[in-house]
Amino acid sequence: MASANPLKFHIEGMDCGACAAKIETALQRLPGVSDVDLSFVSQSLCLLIDERQTPRTKLLTVIKDLGYDPTPLADKARSPRQSGHGNADHEDLHRSWWSSPKARLVGVTGLLLAFAGLVSLIEPRASRWAYAAATVIGLVPIGRRGLAAIRSGTPFGIETLMSIAAIGAIAIDKMEEAAVVLFLFAVGELLESVAANRARTGIQSLIALIPRMAIRQRGSDLETVPVDDLVVGDSVAVRPGDRIPSDGIVLEGTSEVNEAPVTGESTPIAKHRGSVVFAGSINANGALRVEITRTAADNTIARIVHLVEEAQATKAPMARAIDRFSRWYTPMAMIAAALVILIPPLLFGWPWSVWLYRGLAVLLIACPCALVISTPAAVASGLASAARRGLLIKGGSALETLGQVTTVAFDKTGTLTEGRPQLTDIVEIEGTADDILAMAAAVEMNSAHPLGVAIVAEARARGLVIAQVFDSTAIPGKAVTGHLTSALVSVSSPSHAAQTHDLPEDLEKIIEVLETAGKTVVAISHGHQLAGLLALRDEPRADAREGLARLRALGVHPVMLSGDNRRTADAIAGMLAIDVKAELSPDAKLGVIAAYKKEAAIAMVGDGINDAPALAAASVGIAMGGGTDVALETADATLLKNRIVGVSDLIALARATLATIRQNIALTLGLKSLILVGALVGATPLWMAILADTGATVLVTANALRLLRFKFHSR
């Protein structure tokens, strides 16, 4: 579609999955419209349109006829406060609930109902006509939306069911109940909208973290500019008490920065020259000069908002199953209502008016809105609650899987340990300690592995000259090699070195002593000679024991998977009281995960850099991220706090979300079943029948909103 243009809209009133599905069905029937992407969570619509086939005005008319209010958004990239897919300016586009079209419908139908009630007190004989007028006037907007939905491919929407019920009530002279039903329906829709807006506050609170203005510094000049005008490379002054306007690196100054609003980390973090800072975090007690590394549209807050909104729009397996069920459920419910109306009068000669009334009650009870919203409302609340605590979960599917996890596998380096190993020992065999360290640093120069980074850092700290290597190659889990001008240099595990060199018995004993002390040993080979050994130690994270204990309290089995040697892995595992599987190659690690996965759902926790295959192989992958690009994009979930206790928080929240979904489904079906029995025996009036759906919708949404106040154990 070469001539198609992208358009973005904010859709006011789109508060549930059924609303989004109705709009999507209508738009997909329009010629020249493609790539329709809707998110009811963020009330956003993105699409491609060929306006030669379907004018933009026609598109807007279709959406408005369905009862929604579309507002075009600018196409260019803007900050999350202003735009993006679903990041519309909430202050400008989200109306107060009392000024929305749904509130106006409640007001009109309520006033008409009250007027009809007043007429019935003053002149009872005229009350019938007053209620009839209230019913007809209240039915017009609902009926118009129902007809629009039928024309656009959604014949079994709630508006259609309501219209049929109201017309049927008029036909059997139940004017009062028809007016009450329309009023209660309007109230239910308004309450659903209010609840949905409440669920969005989790994301809006993140957007609100970004300041509007920043103090840009150019030379000695300071100027106040909108945050959206900042570009990569700009320098900004951040005073004590100010929020940091965008992601950056500290150029000057020392201060403590409160990152709790972004990552959930309650302890202020010391920042100095070279430290990374996040948009939205609060500078505490010192002036900082920060170089901007990301624009407002691409900073940490923007990426978090985008990820969470995408996740909330992604349906969980349970939600997809309910959607499939509802496609059959609504037509079958209409057939059932028709049978209730027809069979007793036709077969048994019972009164038509009685069974028409009862059939209309069945029709109202059968509406699937509460059932359809039961899962996405809980998932959206759970994801928003997690995001506010620095726990990012990429979709309902990952959340649902987390709730079923029975085993959590942890990588060792950088996950259970700090990921900042320090060189502790150099054992010389050929050459000096500095020679051995310089050769190892040359080979590890471009390595992202914590051990390689530590070796290079130590060489630089000692002022050693690091030579350039050629034809560098890596054997995953075993060795890294590279050619110096003198010979081939290899940095490998002792077990790999033993395959190519004869290790003297005294050297094996040295390796055993170092590894038993919890140190990781690497062997340095130069040509065909073993040059020496380096030993590094990486300390366990401060919260690792607590995090593992919380997992066990949840009935989850933690296990450490390590490519390190058995003695070093056992030493770390002993400190943390965790089961361990050591000396695993990357392929062997995947095999272990696959074996656990056959038994039950398993989560894999890694640093998001070296563990991508294992994270992908697990039922759900969790990255220890600290906000890095790789961590945000690699796994199914990310711990921005970089703390082990976050894993237990994720699982506890996921289980609470699944419990809420089950409660919502049970509540919906239970309430509908109870009122259905009443309808069939004539004990359920129409106004109570509509409460079986609108009332249940409000109840399940309110129940889901409790997840926004979920109490996490970590501080």
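**Notes on the model**

1. Cys 19 counts as buried because its relative accessibility is 9%, where buried means under 20% relative accessible area, exposed means over 50% and partly exposed lies in between, with a 1.4 Å probe and protein chains only. Cys 46, at 15% relative accessibility, counts as buried too. The closest cysteine sulfur to that of Cys 46 is in Cys 19, at 18 Å, which is too far for a bond. A search of the whole structure finds zero disulfides, a disulfide being a pair of cysteine sulfur atoms within 2.5 Å.

2. On the basis of these notes, this is a predicted model, in which local features need pLDDT of at least 70 and side-chain atom pairs count only at pLDDT 80 or more, while totals for chains, interfaces and linings use all residues. Residues are numbered from 1 along each chain as its sequence is written, and side-chain values use heavy atoms, with hydrogens and water left out.

3. The largest nonpolar core has 75 residues, and Leu 27, Val 408 and Phe 410 are those with the most contacts inside it; such a core is a set of buried Ala, Val, Leu, Ile, Met, Phe, Trp, Tyr and Cys residues joined through side-chain atoms within 4.5 Å. Apart from it lies another core, of 36 residues, which includes Leu 184, Phe 185, Leu 360 and Ala 361. In soluble globular proteins, nonpolar side chains tend to be buried together.

4. Leaving aside residues up to four places away in sequence, Val 408 touches Leu 551, Val 556, His 557, Pro 558, Val 559, Ala 603, Val 605, Val 647 and Ile 651, where contact means heavy atoms within 4.5 Å.

5. How do helices α19 and α24 pack? Helix α19 (residues 544–553) and helix α24 (residues 645–680) pack at an angle of about 25 degrees, and their axes are 7 Å apart; axes are lines fitted to C-alpha atoms, for helices over the stretch in contact, and angles run from 0 to 180 degrees between N-to-C directions. The two helices, α19 and α24, are therefore roughly parallel to each other, a term for angles under 35 degrees. Glu 546, Gly 547, Arg 550 and Leu 551 of α19 make the contact with Val 645, Val 647, Ser 648 and Ile 651 of α24. By class, this contact of α19 with α24 has four nonpolar, two polar and two charged residues, with Ala, Val, Leu, Ile, Met, Phe, Trp, Tyr, Cys and Pro counted as nonpolar, Asp, Glu, Lys and Arg as charged, and the others, Gly among them, as polar.

6. Ile 622 is found in strand β25 (residues 620–624); helices (H or I, at least four residues) and strands (E, at least two) are DSSP runs, numbered from the N terminus. Ile 622 counts as buried, at 0% relative accessibility. Its C-alpha atom is separated by 4.7 Å from that of Val 605, 17 residues apart along the chain. Not counting residues up to four places away in sequence, the residues that Ile 622 touches include Leu 402, Ala 603, Val 605, Val 647 and Leu 650.

7. Two backbone angles deserve a look. Asp 173, in the loop between α6 (158–171) and α7 (175–207), has a positive phi of about 65 degrees although it is not a glycine, and is partly exposed, with a relative accessible area of 40%. Glu 583, in the loop between β23 (579–581) and α21 (586–599), has a positive phi of about 55 degrees, again without being a glycine, and is exposed at 53%.

Terms used
Angles under 35 degrees count as roughly parallel, over 145 as roughly antiparallel, 65 to 115 as roughly perpendicular and the rest as oblique.
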